[in-house]
Amino acid sequence: QHVGGEKDTQSEKLGQVVFSFSKQFVKMFCSISGQTPEEPVVSPSGMLFEKRLITKILADTGKCPVTSESLSAGDLLPLKTSAAVKAKPPSATSIPGLLGTFHNEWDALMLEQHALREQLHTVRQELSHALYQHDAASRVIVRLIKERDEARAGLGSALKAAPAAVGGKRAAESTDDDASKKAKGGITASVISTMTSLSKELSKSRKKRQVSETLASKETVESYSLLSSQPLHKTTQPGITACDIHPTQDLIATGGVDTSVVLFDKAQGKITQTLSGHSKRVTGLKFVPKKEDLLVSCSADKSTKMWRGSVGDKMECVATFKEHAGEITGLSVHPSSTYFVTASADKSWAFYDMETATCLAQVNDSTVQKGYTCAAFHPDGLILGTGTAENLVRIWDVKSQENVAKFEGHKGPITSMSFSENGYHLATSAIDGVKLWDLRKPKNFKNLAPYPSGVLTTVVQFDHSGMYLGVGGTDARVYGVKNDWEVVKTFEDVHKEVTTLMFGKDAEKLYVCSMDRNLREFGFK
């Protein structure tokens, strides 16, 4: 009976385990996670667990997490079940749950997009900073290259102008300017003969010459407006003080307060070269018409330089003249394109031969009380006009270097002068305006007052036909010779004092330079 009773007790317990397990198995939920287990195991007490969860707990505590009875991993019985699809949680099966899930996903997407935008903004800032640094570095490199080229050009000019070495050592320079000057050979008979022959030819051709059919009419000039404005020279030393137009190329040369000569290409609208060599402001420059590769410039540093360069090549200084003891204020090229003249504040003017790069004569007249302010050759080449600081216009015979006439009447130093191509008229300017002189009489036959009293008229310039006269001061104006010297057009698009003006071919364009360092082009649009 005892044995039979013990078997009954064990059977009863096993029945309870099976019954308990049967209920868990029907539910098939892990007693720890409440989810359907992927690898189910059952404890002796009939509890169903996920194997990975219960083994972790048993490793820490050694007890059943439900009944708190002692339990080991060896007591667990694995169950073999068929693979089942994991049921979705209740939050994913109801409409409020789905809406919550979508809302959470949308928030996560927006946060990710915001983070991406911040990263994009940061990358853009870094790229912008890198590009700015690259641009700044490029500018510095360009400036350094330009300064290097200018230094090389200055060194080359200094070497060319330096005295020759004697016995391996440089010859000692005289402290006396006059002692360093070479003796002048004078204007020889052959030079005079050449100039006389050319003068006769030019005089004859002038009488036969007709006004060009393509010359701009009065109405055309009246319609002129500003076409372009180009800032040239350095901003630290603004101001254009001299200008000339190349006779055949689209090239304009300007001299500035910054001591440099700038070559500007009109067609390309850019600076092609900057010539360095003068140490003070440039006061005059001229292209040589029949020798298109030559350019002459003069400066307040008492020197005159001759530059040479063929088409497409860089110009270089080929000769430097230092005949004057004062600032050079006037420069004019002879019609033969072989000679040129400079006038200076030292009360002298000098005559040069470009082919031999020598000064043939330097004229000092005891009657000249103050220095010269400007100079210009007559179109025939045998007469030289000079303006002075003593309010006089002096006319010189180039062959004899004698002062043959004086024009009085201005109330201040002569600022500019220009001979008409007809050979009869001379225009001069000063603080009292413009005076027109008839060289056949000679006498003053017309006065122009473009500006109020006390306002300086800085420049006068005839066009090549002699039909128009340009006047500059606080603005630029064009007068019609055949219109009784009346104003045809006034150009007020100039912000500072006009220093130079030049007419283009057939007066189709007018180029105006001023102290605001701008080269302005006026014409018909």
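Predicted model: local features only at pLDDT ≥ 70, side-chain atom pairs only at ≥ 80, totals over all residues.
Student: Which residues line the largest cavity?

Tutor: A cavity is a space where a probe fits but cannot get out. Here the lining of the largest cavity consists of V221, Y224, V478, F503, A507, K509 and L510.

Student: What volume does the largest cavity have, and how many cavities of 30 Å³ or more are counted?

Tutor: The volume of the largest cavity is about 30 Å³. The count comes to 1 cavity of 30 Å³ or more.

Student: Where do K218 and E222 lie?

Tutor: Both lie in helix α5, which covers residues 218-222. They are 4 residues apart, about one turn of the helix. K218 is partly exposed, with a relative accessible area of 29%, and E222 is partly exposed at 33%.

Student: Which side chain does D135 meet in a salt bridge?

Tutor: D135 meets R139, with 3.0 Å from N to O. Because D135 and R139 are 4 residues apart in helix α3, about one helical turn separates them. A residue counts as exposed when its relative accessible area is over 50%, and as buried when it is under 20%. R139 has 59%, so it is exposed, whereas D135 has 37% and therefore counts as partly exposed.

Student: What is the N to O distance in the salt bridge of D149 and R148?

Tutor: In that salt bridge the distance is 3.1 Å. D149 counts as partly exposed because its relative accessibility is 38%; R148, at 39%, also counts as partly exposed.

Student: Finally, which residues form a nonpolar patch on the surface?

Tutor: Such a patch joins nonpolar side chains that have over 30% relative accessible area. In this structure I95, L98, L99 and F102 form one, with about 420 Å² of accessible area together.

Student: Why does L99 count as exposed?

Tutor: L99 counts as exposed because its relative accessibility is 55%. This residue lies in helix α3, residues 95-161.

Methods. Residues numbered from 1 in each chain as written. Heavy atoms only, no water. Patch = residues over 30% accessible without salt bridge, like charges linked within 9 Å, V, L, I, M, F, W, Y side chains within 5 Å. Areas by Shrake-Rupley, 256 points an atom, 1.4 Å probe, with all protein chains shown as cover. Salt bridge = Lys/Arg side-chain N within 4 Å of Asp/Glu carboxyl O. Helix = DSSP H or I, 4+ residues; strand = E, 2+ residues; numbered from the N terminus. Buried < 20%, exposed > 50% of the residue type's maximum accessible area, 1.4 Å probe, protein only. 1 Å grid on protein atoms, 1.4 Å probe; cavity = no way out; pocket = protein on both sides within 12 Å on 5 of 7 lines; lining within 4 Å. Points joined across faces, edges and corners; volume = space filled by probe spheres on them.
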